[in-house]
Structure formats: C-alpha cells, structure tokens
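Here is a briefing on one structure. Look it over, then read the notes below.

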Amino acid sequence: MAVSVWILGDQLLLNHPALAQAEEGVDRNQIIVLITESQTRARRLPYQRKKLVLLFSAMRHYAEKLHSSGYQVDYRLATTTTSAIREHLRKHQPEAIITMEASAYGGRKYQKNLANLFDIPIIILSNTQFLTGRYNPVPDPEPSKRYVQEQFYRKMRQHFELMMEPNGKPIGGKWNFDKSNRRSLPKNTQPILPISFEPDQITLSVMREVDQEYQGIGQVFGFDLAVTHEEAHLAASDFFEHRLSNFGTYEDAMSSAHDTIFHSRLSPYLNLGLLDPLALAQEAQKRYLDGQAPINSVEGFIRQVVGWREFIYWQYWRLMPEIASSDYWQADRPLPEMFWTGETRMNCMSHVINRAVQSGYTHHIERLMIISNFCLLAGIEPSAVNDWFLSAYIDAYEWVMIPNVFGMGLYADGGLIATKPYIASANYINKMSDYCRNCVFDHKLRTGAHACPFNYLYWNFVLEHEETLRSNTRMSRSLLGLKRFDLEQKQLIRKNAEEFLEHL
Ligand code: SF4
C-alpha cells in the first residue's frame, strides 16, 4: 500500500526527512508526494507578486525534481489546503501521511489537527530545516526571562565548530567583530550586483498566472531570482566570490544607489529550504581559512546565519502565541498609505518603501533603522506593521517577521528579545547613508517646517515614554539629551510631531 509524504511549500529540502522515513517502509515508487498551492492562503494578504512567483516556481521545480527521481508527485492547486488533502486521500488512499513540522505556529497546529480531520495516521517529524532542530542551545527556557543573542550564538558556534580554535576559544580572539562593521559606503563604490537568473518556461508560466490572478503589491516583471537548488547554490557562490570580503565592513551601510550593497541576499532561498544554513556558514569559514575573506566579514556573516536567524526562530517558538498580540507602547495608529504607494517627501522612507514594493528586498538595516524605527516612533499598530512586512518582502515568513517586528523592530514585547528599543534620529541615518543629501528635510533641524520628521518624532517618543525608558540603562544617553531642552523647546517638539502624525 502507498504512503503519502506531504511537503510544505517552504520546506523544499534536498534531503527531506519525511521522504527518508517513507523510504524505510516502502519502495520509492510507492511514495506519493503531495505538494499544494492554497489559493486562500496566497490571498490572505496582498503579497508581493515576486514573492508568489518565487514560492510557486520553486515549489513546481521541486516537484519536477522529485518526479524525475522516481517519486509519484501529486501537485495540487486548490482553494484550501484541506480541500487539496481531502482530494488527495480520496484519489490515492494511502495508509499514512508523513510530514515535517511546519515552521509557523498556525501551520503546526493545523498539522496536529489533521488526524481529527481525516481518519488516517499522520506522522509529524521534527523540523530539521533550522539548526536549532539539530541542536538546541537552551532547551528549557524560562517564559519571562530575556535571553540575549550573544550567549545563544556562542553556544551555536561551539557546537557546530564554526570559527573555533581547538582549545575552545574563538578564532581571532573575539566572538564578535561588530565594531569593525559600521562603516558607511564611500562615494563611487560600485558593489557587484547579485547574479540574476533568466526565467525558464515553468517560471514564465507562474509569472503569467500571478500577474493575472493575484492583486498583490509589486509586479512580476523583472523577476530574476533563483528557483532551484542549483541556482540558489550559484547565488551563494556569487556572494562568496564577489561580496563576502566587504560584507562585514559595510554591513550597516545604506545607499540610495545600491540596494544589496555587499549583502548576500540569500535569505529568500534559505527560508524556502533551497540552501542549508550550516553549509553556508561552513563555506564562509572556508573562505576565511583560505585567506579569501577577512574575519570581520566571515564572523559577521556566520553571526547573521547561525546567530540571528536561528535565535529569531528559537524566540518565535518560545514566545508564541502571546508575542503576536503584544503591544507594550499601546500603539494604535493605522499603517499610513505611503507604505503601499511609496509616496512621501522623506527621501529615506521613499527609497526603502519603493524598493520593498518593487523588488521585495531591502537589507536588514534599512528594515530595522528606517522602516521599523519610523513605525515605532510614529506609534503604528504592530500587527499592521507585521502584515506589511509579510506582504512586501520576498523572504518574509511568520516565524521570522513576528520576532523581528514585535521584538527587535518595535519592542512591542516589552524587551523579551531586544535589550533596548531600536530608535534613532536623523543623525544615524545621515551617518550611515546618503539619503539626507537629497531630501527636502534638513537632518540637522529638530523643529520647524524643514526639520527632519525623524528628529521631532524621536524626541517626542523619548518625552512621551520618559518614565518607561528610565528603567533601561541602555537608554540613558537619550534621556540625558532631554536635559538640553527647555519647556518651550519640548512643547515645540510635541507640536511638530502631533501635526506630522495628524497628516500621515
Ligand atoms: Fe530621512 Fe530625515 Fe534624512 Fe530626509 S532628512 S532622508 S527624512 S533622515
């Protein structure tokens, strides 16, 4: 009798554990792989059309790969996942379904309920897509305790033997080279653009479907991302070859001319299972050991992949579902229209939003220090910000967005993930980018018609939450800054902020 393996769309692993388990019991030709495109799911939000093209095309290429390796593949386009599974069971009548734990909370809950929905054994295997599925550095976390990324990261480095000396000390004598990674981009720097991929027949057909049937943001035109494991590996080699060396030094830099700068832009592929995080970290380490990349770049890249990415996933599972409704600041302003149109006189916001809408990508500092910073200062409702990120970004999935938005970006969780609210005035944006040079607002002015909104919004936020911020020692510099203002200046800051927010 046949066995079904249900593979989720963001779990396109080369060595999928459900396939391996199924092959222990029956011959490969007795395994029917179920892959479903749920139209309801794909229309839950106005998703970036390039994101839908990437997802559907990668899923369809994966189905082809499995089919040519000897599996039967039942690829279903259905209104809902439930209707797809029902139809699959009716047609194939397998003796069991084997699947791997979803990375999202709702998806995992749904899997657990499958046995109640359908009268068939459901075998749910542990998720191996993340390194924390292979080794958990904090297996029994306390619910209300704050865990910092640094300790988590060090344990991951030790366990996976990344950039470690034989004596257990970090290579280079330090765990963290972040201080070398904060330079702005020198004028006339020309980073090599990431490799692009010509859409094949499968991708072209997905592009036509998405263009005609989905009303999301952005356009399918210009889609040039990798959609197979082979292409994703080429994209990774391209990064290691051309951008890794400078990645660290300019990791926090922002530029109006370049979106990727020296970043890897590999997260869309990692998050679909087309690349393995450990293999990427090991390749970066090899480049260091071969003398091809400096330690600040290699350590910075490994920290992103093995530190932050895994830490965020681990935090998601520790803090769900409560974190998804947290609202520490009681922020309730609706998301402004400019997030969909990109129309704003703020040059930095205009650049970053337009990039997100058009390509579905901006690097993490622009997401944190421009978009999230603005939303936190302007008091935008956290769930609206989360939905926007999920809609706009090609690499955004629930497990990554919820901790990043509610935790890192907006501090809506009250500090369970980040050690302080990430807020900044125009001074930071001007230091790390060229946006302020061509802006109608003056980054040096704090109040007045030409003052940068980031300035009065920043000080308005500090004034409004002074008491709360006082309990955080990392905010003492901002609070000290308040002493410079007399009552009249404080009133002017508040007035400017109120007027701006009223017309958002
Ligand atoms: Fe952004 Fe303000 Fe700079 Fe304009 S002046 S680009 S709004 S930070």
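How do the residues of the shell around the ligand divide into nonpolar, polar and charged? There are 10 nonpolar, two polar and no charged residues. Ala, Val, Leu, Ile, Met, Phe, Trp, Tyr, Cys and Pro count as nonpolar, Asp, Glu, Lys and Arg as charged, and the others, Gly among them, as polar.

This is a predicted model: local features need pLDDT of at least 70, side-chain atom pairs pLDDT 80 or more, while totals for chains, interfaces and linings use all residues. Residues are numbered from 1 along each chain as its sequence is written, and side-chain values use heavy atoms, without hydrogens and water.

**Ligand**
- The shell (a heavy atom within 4 Å of the ligand) includes Met346, Asn347, Tyr435 and His443.
- α14 (347-359) and α18 (426-432) each give the shell at least two residues; helices are DSSP runs of H or I, at least four residues, and strands are runs of E, at least two.
- The ligand sits in the largest cavity, with more than half of its atoms within 2 Å of the grid points.

**Cavities**
- A cavity is a set of points on a 1 Å grid over the protein atoms alone where a 1.4 Å probe fits but cannot get out; lining residues have an atom within 4 Å of a point.
- The largest cavity holds about 80 Å³ of space, filled by probe spheres set on the points.
- Its lining has 10 nonpolar, one polar and no charged residues.
- The second largest cavity has about 60 Å³. Its lining has eight nonpolar, one polar and four charged residues.

Terms used
1 Å grid on protein atoms, 1.4 Å probe; cavity = no way out; pocket = protein on both sides within 12 Å on 5 of 7 lines; lining within 4 Å.
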